[in-house]
Amino acid sequence: LPAPLTIVEERTVGPSLGSDSVEAEPIHRCLSGQDGEMIGPDQRNVRVIHGYRYLPQMGGTCLMVHLELSEAFQPAQSLRRRIALFGGITTLIAVAVAIAVAGRLAGPLHHLTDRVRRLRAGDFDAPVPIEGPSEIRTLAATFQEMARAVSESRRARDEVLAVVSHDLKNPLSSIATSAGLLRRSSPEGGAGDPVRRHAALIEASASKMNALIDLCCDEAARC
């Protein structure tokens with residue numbers, strides 16, 4: 001077999017290649033007519049990529065290339081560092097934007113939440129601050145309209161209850177008073193007993209109706 005021909009100048013100076021050299025296997029493969037690559041140590045015990053090409057058109061010459069792994073993967077490592085740096089910068093920007101958005105939303109939402117608590121406690125007249133992003137402003141305005149509608153509904157209910165209580169209880173009070181006077185003025189015994197009995201029944205019924213009206217008004221006022 002012809003001896004291998006060196007095309008480029010070697011980077012390191014070492015003993016000549018022989019059968020016991022760490023580079024002997026790729027050389028033997030190349031001289032046997034094979035093309036390929038191998039990863040293994042060189043004469044300095046540094047892991048390299050051994051590339052070999054058999055060139056029959058040049059009289060069976062072997063083209064050998066030895067490239068250190070660190071040099072071969074340097075572009076990939078540089079790209080990985082750039083990706084890591086870009087990812088870190090993107091994460092920082094995302095966190096900063098998230099903090100800014102959260103700060104812009106937290107204040108209006110806190111005011112709206114406080115207004116909900118006051119509404120639940122019965123304060124229907126406290127204003128709702130219309131602030132923040134458009135969605136929060138729309139929500140606050142809608143809530144303000146709802147609170148105003150509830151307040152007006154409660155005032156209308158109180159007016160109706162007052163009218164109902166007045167229009168029902170006054171006649172019943174008059175009926176109960178009249179029935180009591182009739183009962184007390186009717187003589188005992190004879191024809192006066194049925195009058196006293198019926199007057200007492202009317203008086204008791206009127207008192208029950210008054211108590212029922214008071215109970216209904218109290219329950220309605222709690223709603």
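The lining of the largest cavity divides into six nonpolar residues, one polar and one charged. Here Ala, Val, Leu, Ile, Met, Phe, Trp, Tyr, Cys and Pro count as nonpolar, Asp, Glu, Lys and Arg as charged, and the others, Gly among them, as polar. The model is predicted: local features need pLDDT of at least 70, side-chain atom pairs count only at pLDDT 80 or more, and totals for chains, interfaces and linings use all residues. Residues are numbered from 1 along each chain as its sequence is written, and side-chain values use heavy atoms, without hydrogens and water.

A cavity is a set of points on a 1 Å grid over the protein atoms alone where a 1.4 Å probe fits but cannot get out; lining residues have an atom within 4 Å of a point. The whole structure holds one cavity of 30 Å³ or more. H3 gives the largest share, three residues. Helices (H or I, at least four residues) and strands (E, at least two) are DSSP runs, numbered from the N terminus.

Helix H1 spans residues 24-31. Ala-24, Pro-26, Ile-27, Cys-30 and Leu-31 are buried there, that is, under 20% relative accessible area with a 1.4 Å probe, protein chains only. Seen down the axis of H1, the buried residues fall within an arc of 165°, so they line one face of the helix. The arc is taken from the directions from the helix axis to the C-beta atoms. The cover over these residues includes strands S1 (36-41), S2 (47-55) and S3 (61-68). After H1 comes Gly-33, with a positive phi near 95°.

Technical notes. Buried means under 20% relative accessible area, exposed over 50%, partly exposed in between (1.4 Å probe, protein chains only). Contact means heavy atoms within 4.5 Å. On a 1 Å grid over the protein atoms alone, a cavity is a set of points where a 1.4 Å probe fits but cannot get out, and a pocket is an open set with protein on both sides within 12 Å along at least five of seven lines; lining residues have an atom within 4 Å of a point. Grid points are joined across faces, edges and corners, and a volume is the space filled by probe spheres set on the points.
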